[in-house]
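Colleague: I am new to reading protein models. Could you walk me through one, feature by feature?

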Amino acid sequence: MRRILLPILGLVLLALAFGGNASAQLLDPADLHVGTGAGTGCATGCGGDPNIITPTVFDIYYNPNTHSSQLPIGDPFYLIVATPVYTGSTNSPTVGGTATFYDPYPGGTTSTVSVGGAVPSLGGEMTSGDLYANIGLGPFANNSFGFGNMVACDIGTTGGSGCPNSGLQGSNAPLFGVNITGYDVFTFSIGTTTFSPNDLLDFTGNLPIGSYVAAIGVDYSALGGKGEAWAVPFTESGIVTTNNVPEPSSLLMLGAGLLAMAILAGRRTLTA
């Protein structure tokens, strides 16, 4: 009897941990868009399915969607980065400790908000299922952000279940020919509860090639206690298609340092 009751008790505790909102769903899953950074042509998202972003600059835009409550995003509010796992992969994304807050975008006032450090998902390596379910917020999002969709655009799968973004199909894919076995998922807490329609958060960081960027915010008390969420759908997510290449000035400094080391080594050899 005890063996039966313990698993049941565990499920009850898990439900309570998420506010008892097992039936909660997004009013509309397209409130948040990942863009290419403030001041760029796709800052508010391009519907790229997914949107192509750089490894160092990207943003989250609050689309003024009339099908949702359009309330400020609640707490918790997470930036999500999923990095592909394969032989030789680097799975340590970094995001700057602050983000620039545009209220509204463009032309509004600017301020800074804090961004927490990378926290690995309690769901462990994602090898199937949905991104939001992996971090424990599955009841608040649909399943469009699935493992199959992510792999398809990273390796360039074509056909019926292939990547919907034609610019990422075949050899144009960032990890074409690579065997992806899973995704390491990280959350970064965003320190604001006033993110509202037409607002934009501009981030800096260093993300591995093939990474996906998303976000979700939850208000557990909304809708009569059922809870409301705001999330990035796969259609408006961000995908990193290039490696971070050092700036020319950094390369020059590296070259100068190597040259100096070579000269010093040569002098030591002559002295000996």
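Colleague: How many bridges join strand β3 to β10?

Modeller: Let me begin with the ground rules. This is a predicted model, where local features need pLDDT of at least 70 and side-chain atom pairs count only at pLDDT 80 or more, while totals for chains, interfaces and linings use all residues. Residues are numbered from 1 along each chain as its sequence is written, and side-chain values use heavy atoms, with hydrogens and water left out.

Modeller: Now the general idea: helices (H or I, at least four residues) and strands (E, at least two) are DSSP runs, numbered from the N terminus. Two strands pair if DSSP finds at least two bridges between them. In this model, five bridges join β3 (residues 57-62) to β10, and the two strands run antiparallel. Ile60 has Leu201 in β10 as its bridge partner.

Colleague: Which strand pairs with β10 over three bridges?

Modeller: That is β6 (residues 98-103), in the antiparallel sense. There, Thr100 has Asp202 of β10 as its bridge partner.

Colleague: How many of the residues of β10 are buried?

Modeller: Buried means under 20% relative accessible area, exposed means over 50%, and partly exposed lies in between (1.4 Å probe, protein chains only). Strand β10 (residues 200-206) is mostly covered, with five of its seven residues buried.

Colleague: What do β6 and β7 form?

Modeller: They form a hairpin with five residues between them. Six bridges join β6 to β7 (residues 109-114), and the strands run antiparallel. Asp103 stands opposite Thr109 in β7. In the turn you will find Gly107, with a positive phi of about 85°.

Colleague: Which residues have the most contacts inside the largest nonpolar core?

Modeller: A nonpolar core is a set of buried Ala, Val, Leu, Ile, Met, Phe, Trp, Tyr and Cys residues joined through side-chain atoms within 4.5 Å. Here the largest one has 57 residues, and Leu32 and Phe203 have the most contacts inside it. Strand β11 (residues 212-219) gives the most to this core, with six residues.

Colleague: How many disulfides does a search of the whole structure find?

Modeller: A disulfide is a pair of cysteine sulfur atoms within 2.5 Å. The search finds two. Numbering the bonded cysteines in sequence order, the pairing is 1-2, 3-4.

Colleague: What covers the buried residues of α3?

Modeller: We look for contact, meaning heavy atoms within 4.5 Å. The cover includes β4 (77-85), β9, β11 and β13 (238-240). Among the buried residues of α3 are Phe147, Met150 and Val151. After α3 comes Gly156, whose phi is positive, near 85°.

Colleague: How many aromatic pairs does the structure hold?

Modeller: Rings of Phe, Tyr and Trp (its six-membered ring) pair if their centres lie within 6.5 Å; planes under 30 degrees apart count as stacked, over 60 as edge-to-face and the rest as tilted. The structure holds twelve such pairs. Phe140 and Tyr220 have ring centres 5.7 Å apart and planes at 75°, so their pair is edge-to-face. Phe140 is buried at 1% relative accessibility, whereas Tyr220 is partly exposed at 28%.

Modeller: Tyr183 and Tyr212 also form an edge-to-face pair, 6.1 Å centre to centre with 70° between the planes. This pair links distant parts of the chain, with Tyr183 in β9 and Tyr212 in β11, 29 residues apart. Both tyrosines, Tyr183 and Tyr212, are buried.
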